[in-house]
Amino acid sequence: MYEGRERIRYIDLFCGIGGFRVAFEEACSESDVVPVCVMSSDIDEFCKDSYELNFGERPKGDITKIDEMDVPDHDILFAGFPCQPFSIIGNMQGLNDIRGTLFFDIARILEAKKPKAFVLENVKQLVGHDKGNTLKIILQTLKDLGYTVQYKVLNALDFGLPQKRERVVIVGHRDPILFTFPSPIKPFRPLTEILEQEVGEKHFASDYIREKRKESHKSAFNPSIWHENKSGNICSYPYSCALRAGASYNYLLVNGERRLTPREMFRLQGFPDWYQIIENDGQARKQAGNSIPVSMIKAVLQKLLPYVALSLDEAVLLRDVEIQYNIA
Ligand SMILES: C[S@@+](CC[C@H](N)C(=O)[O-])C[C@H]1O[C@@H](n2cnc3c(N)ncnc32)[C@H](O)[C@@H]1O
């Protein structure tokens with residue numbers, strides 16, 4: 001069935017519920033390329049349940065316990081690594097110094113397996129952390145490993161999703177190709193395409209909360225998602241503020257009345273409706289909040305995919321044509 005079609009092997013690190021995997025599979029299905037996941041890893045058993053339910057394979061566990069020489073050869077590495085490393089990377093320098101951070105585990109696998117490319121994702125705050133020093137160390141470490149590296153803060157709102165979610169995306173490639181980040185695709189989907197028609201009673205906030213919300217705010221939009229910030233101020237928009245794994249229960253309320261359902265949260269992250277959600281609302285909420293905006297990452301992968309699928313000669317030719325005709 002796949003005869004004659006290019007196969008791209010990838011690994012899915014810190015895979016969570018598979019946001020990168022959905023994005024890459026969608027990007028590949030629109031090209032003549034077959035994606036082959038040769039390894040996935042996550043430490044959270046509930047995430048592994050979701051991943052297995054949807055992709056038929058249970059990710060391996062703790063990445064710090066996986067020897068890089070046991071990682072299968074692959075063309076591209078994906079990692080939406082946790083924010084934990086940058087609180088400790090601070091003043092470190094070089095590969096030896098970052099030992100003990102989860103970013104080190106990405107770096108040691110890149111060093112050992114030398115995939116053609118990688119895509120990393122993290123919270124926007126990584127860019128300004130320690131006055132930019134942390135990101136500088138991360139980028140320098142990746143460059144020292146032989147990669148040309150670029151990064152950009154992207155917003156899910158610019159890629160068709162009604163969620164304001166800014167994330168830094170770092171892309172690296174070994175070959176001298178011309179990767180550019182995708183331009184924004186507007187407009188974003190209306191909330192009416194995201195919200196479910198029939199929503200169970202359990203999702204509604206108490207009368208007290210609803211009344212309090214309505215006393216303090218009147219929305220200019222319908223439907224809208226009401227957001228309560230850290231100081232308790234309420235604002236509302238025709239899109240959602242960023243879903244957060246550990247946020248308070250009523251921090252986002254549809255029309256000031258009810259919480260988002262798991263399916264709505266997954267849709268806000270760009271997961272298609274075929275994606276099966278585990279029957280544990282608390283875990284589903286955490287999983288959606290930790291995941292990535294699928295449509296945004298897909299747009300990045302669509303720009304990278306042609307190069308990863310080509311031989312070096314072909315990639316250089318494509319690069320030269322793009323430069324000549326200014327179409328990158
Ligand atoms: C920001 S989330 C990434 C979510 C993912 N991109 C998705 O689409 O769901 C980071 C993930 O790293 C996982 N993680 C944290 N420490 C880990 C470790 N030592 N080994 C493997 N996974 C780990 C967490 O369980 C979490 O799912």
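Modeller: A polar side-chain atom of Ser291 is 2.8 Å from an oxygen atom of the ligand. The model is a predicted one, and its protein covers 88% of the 600 Å² of accessible area that the ligand has on its own. A polar backbone atom of Gly19 lies 2.9 Å from an oxygen atom of the ligand, and a polar backbone atom of Ile63 lies 2.9 Å from a nitrogen atom of the ligand.

Gly19, Ile63 and Ser291 are among the residues that come nearest to the ligand, a group that also includes Asp42 and Asp62.

The ligand sits in the largest pocket, which holds about 1300 Å³ of space. Two or more lining residues come from each of these elements: strand E1 (6-13), helix H1 (19-29), strand E4 (117-123), strand E7 (166-173), strand E8 (225-228) and helix H9 (281-290). Helix H9 gives the largest share of the lining, 4 residues.

The lining of this pocket has 47 residues, and those nearest its centre are Val123, Arg165, Arg167, Gly289 and Asn290. Sorted by class, the lining contains 19 nonpolar, 14 polar and 14 charged residues.

Methods:
Residues are numbered from 1 along each chain as its sequence is written. This is a predicted model: local features need pLDDT of at least 70, side-chain atom pairs count only at pLDDT 80 or more; totals for chains, interfaces and linings use all residues. Side-chain values use heavy atoms; hydrogens and water are left out. A residue is near a molecule or strand if one of its heavy atoms lies within 4 Å of it. A polar contact is a pair of N or O atoms within 3.5 Å; within protein, one must be able to donate a hydrogen and the other to accept it, and residues adjacent in sequence count only if both atoms are side-chain atoms. Accessible areas come from the Shrake-Rupley method with a 1.4 Å probe; for residues, only the protein chains shown count as cover. On a 1 Å grid over the protein atoms alone, a cavity is a set of points where a 1.4 Å probe fits but cannot get out, and a pocket is an open set with protein on both sides within 12 Å along at least five of seven lines; lining residues have an atom within 4 Å of a point. A molecule sits in a cavity or pocket if more than half of its atoms lie within 2 Å of its grid points. Grid points are joined across faces, edges and corners, and a volume is the space filled by probe spheres set on the points. Ala, Val, Leu, Ile, Met, Phe, Trp, Tyr, Cys and Pro count as nonpolar, Asp, Glu, Lys and Arg as charged, and the others, Gly among them, as polar.
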